[in-house]
2 protein chains.
Amino acid sequence: MKRVVIVAVGSEMLTPFFQDTDSLFLTRRLNDFGLDVEEKIIVGDESDSLKKAIREGRDRADLLFVTGGLGPTDDDRTREAVAAVLNKPLDVDGRVLAAIEERFFRRGKTMPPANRKQAEVIRGADVLANPAGTAPGLWIEEEEKIIVLLPGPPRELESVFEAHVAPRISGRSRAHLARKVLKAAGLTESEVETMIQGLYPRDPGRRLTILAFPGQIELHVSAFSDVSAEEAERTAESLASALRERLGPAVFSDDGSDLEAVVGRLLAERKETIAVAESCTGGLVCRRLTRIAGSSAYFLEGLVTYSNQAKIGRLGVPARMIEEHGAVSGETARAMAEGVRRVSGADYGLAVTGIAGPSGAAAGKPVGLVFCAASGPGGTRVERFLFLGDRSHVQAQAAQGILDILRRRLEEKPAR
Amino acid sequence: MKRVVIVAVGSEMLTPFFQDTDSLFLTRRLNDFGLDVEEKIIVGDESDSLKKAIREGRDRADLLFVTGGLGPTDDDRTREAVAAVLNKPLDVDGRVLAAIEERFFRRGKTMPPANRKQAEVIRGADVLANPAGTAPGLWIEEEEKIIVLLPGPPRELESVFEAHVAPRISGRSRAHLARKVLKAAGLTESEVETMIQGLYPRDPGRRLTILAFPGQIELHVSAFSDVSAEEAERTAESLASALRERLGPAVFSDDGSDLEAVVGRLLAERKETIAVAESCTGGLVCRRLTRIAGSSAYFLEGLVTYSNQAKIGRLGVPARMIEEHGAVSGETARAMAEGVRRVSGADYGLAVTGIAGPSGAAAGKPVGLVFCAASGPGGTRVERFLFLGDRSHVQAQAAQGILDILRRRLEEKPAR
């Protein structure tokens, strides 16, 4: 029971508006049993497409899930399609029919004729009763393969899975899975690639996936064991710690936490406070910090000093400094960080000033030029960046940059 | 060129953590050309699975998109897999290689050896230059079929699509589609449903989809025509204008513009300025306003006055007012709006104060209670909201609420 494929059925998932989310739940729960999903196929309600997708899924999988298309309407065709692919008849099951009628009766209604087809069962299948809706799931074993049909509405899918599918899988599965997510800042994807050369696992029991986001690289490690959860955990951890060693202080979390959560935890532990002065990021740094519940313990205030007048009036940046060096300069960034620290009384003052684009570039100051400054008990540090990308990309990288400067500083120096 | 299949490549999309979102963009744009997506296959980086999925996709599709797996790392194998399926060799393309080297050079770096494989081109393919990254797309025609390889990062996928794929598809497509997106604020989904009763289109040539977001309802109208773009446009517009009439001033855009863009356009036209004081939204209102390129013309500054001390010191909110009425009160919201207007010299001062949760609730002040205030030439208006949902949901609705108060005010009253 190794190879798992999910076929998600529903024409709405082939529009720009809806995603298949059932498979995320299934994946998480199957991972718990050491089972990985190998492929997902998303297909509409049209019969031929549906049969083709189910046939492909069955060819690929030892364990095939087909979700959705079990409702009472004309465009619910999953039962028929699976029956056709398996070349088995559909029979109305008296007990299932009685259960559906009973469900309507309890709400003071009569079952509409359309719902009768929900009582049709593929011959030889086990019925998986649905505690949350009318459509039962079906469990079909044929030769070495298992095919499971589950209703599409998330609440129904989840309750049928937990009541009937999880116990059956747990009885058969011997594999265990462990997973680690390392997140790193301040490195490009290719830099990470170079630094971890030789660590890509070659054995089939371990996997490494690298993902790049603006200002952030993620390394997803997973390990399987047929023996025990402890062995899986050990194997995953040995790769994760090798990666951590190579990447050094660039790694800021290994439990999936975002940078603002890490910074928040560090500040809360140290009982220290921050204030932020933003120009080109326009509130994004404040926004990220205050996404975290409980951030009022350390975040005092933020000043989005977009105009020069605000930088001068709110932060005490000298007008002459802006004239001489420009609003986008290391000098101004320093004055902003020190200014916001002073006016707020916070332990740390952070500042970002730069050119997010598309306009605003000047001679020697291209779009993407950003200065970040962090002022604290040990003095002020200023860093210069040149980010690539459009406005939102530059803003995202700049926010990540300043949060990472603070994070490294907090990790380097013990609290006062 | 009727049947479209998308193969999305990346093991991360087979974990519980990531969804394929590229296909949503592709679907939306392909729909614009009258093309519907018939199936999506999501597959990992493992070579055999990948080849199998590409083979299946090619069997099914007249137009096959393969997204992702074009990066420089060992687990980027899309080029190889497609080449193997098509039985064609990969050649390093000198011009592509030079462009990649140039991209690194511009950042003052040398191309790492790993990136060389991004210059490999399947023989006979057209290279689709990537303005936003190193991996170019590829366009392959074989017999009656077209296979398009696109980079996975959304920004790169979108720019390669718009620059190279859209023009080629538009030249071959004969269907015409018109699309309208109405966005409304201040109404719930069921209120909208009730107001537009009887307007759901019954003919197959038109579609209406209603989508609910925090503080925003979207109505997506599309109409197809085999005859002309004008006919499609007329059909879509007749439905859109009927919807607009029913929903009245709640509709703030019909071209897809977000609320911050509408507010920005109104302010720029009137040559008026704003400043923002935020508490529970923690910078989100500023962040949204400054996402818009050119916002420096009207956005002067924002004060994220999270602590009471900041509200008192930065905005001149009387300490006694906070003691008597609380930081979350109509009185404080009014004082914040008037304070930020005064200290910034802006034409309008906006303020938000509330309880985003999960903690912070008090007697008579539940999580979700938010006061918004807008102060301007005609006086100050304060509104009280009680939003449902978790922290991020309350923050999103509160930001939407204050921006919509300003929008309605700017639309009501002519500029001075």
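Here are some notes on this predicted model, taking the sheet, the cores and the chain contacts in turn.

1. Let's start with the sheet in chain A. Four strands make it up, in the order β10-β11-β9-β12, and the sheet is open with antiparallel pairing. β10 (206–213) and β12 (251–253) of chain A each have a single partner strand, so they sit at the edges with one side lacking a neighbour in the sheet. From one strand to the next, the twist averages 30°.

2. β10(A) runs antiparallel to β11 (residues 216–225) of chain A, and eight bridges join the two. If you want a pair to find on screen, R206(A) stands opposite A223(A) in β11(A).

3. Now the packing. The largest nonpolar core has 62 residues, and L149(A) and L149(B) are the ones that touch the most other members. Setting aside neighbours within four places in sequence, the contacts of L149(B) include V66(B), L70(B), V82(B), I122(B), L138(B) and I140(B). T78(B), R79(B) and G137(B) are also among the contacts of L149(B). Another core, of 50 residues, lies apart from the largest one; its members include L63(A), L128(A), F161(A) and L26(B).

4. On to the interface: 75 residues of chain A are in contact with 73 residues of chain B. The area buried between chain A and chain B comes to about 6000 Å², with carbon and sulfur atoms giving 55% of it.

5. As for charged pairs, there are five salt bridges between chain A and chain B. One to check links R60(B) with E56(A), where the closest N and O atoms are 3.8 Å apart.

Technical notes:
Residues numbered from 1 in each chain as written. Chains lettered and ligands numbered in written order. Predicted model: local features only at pLDDT ≥ 70, side-chain atom pairs only at ≥ 80, totals over all residues. Heavy atoms only, no water. Pairing = 2+ DSSP bridges. Axes fitted to C-alpha atoms, helices over the stretch in contact; angles between N-to-C directions. Core = buried A, V, L, I, M, F, W, Y, C linked by side-chain atoms within 4.5 Å. Buried < 20%, exposed > 50% of the residue type's maximum accessible area, 1.4 Å probe, protein only. Contact = heavy atoms within 4.5 Å. Buried area = accessible area lost by both parts, 1.4 Å probe. Salt bridge = Lys/Arg side-chain N within 4 Å of Asp/Glu carboxyl O.
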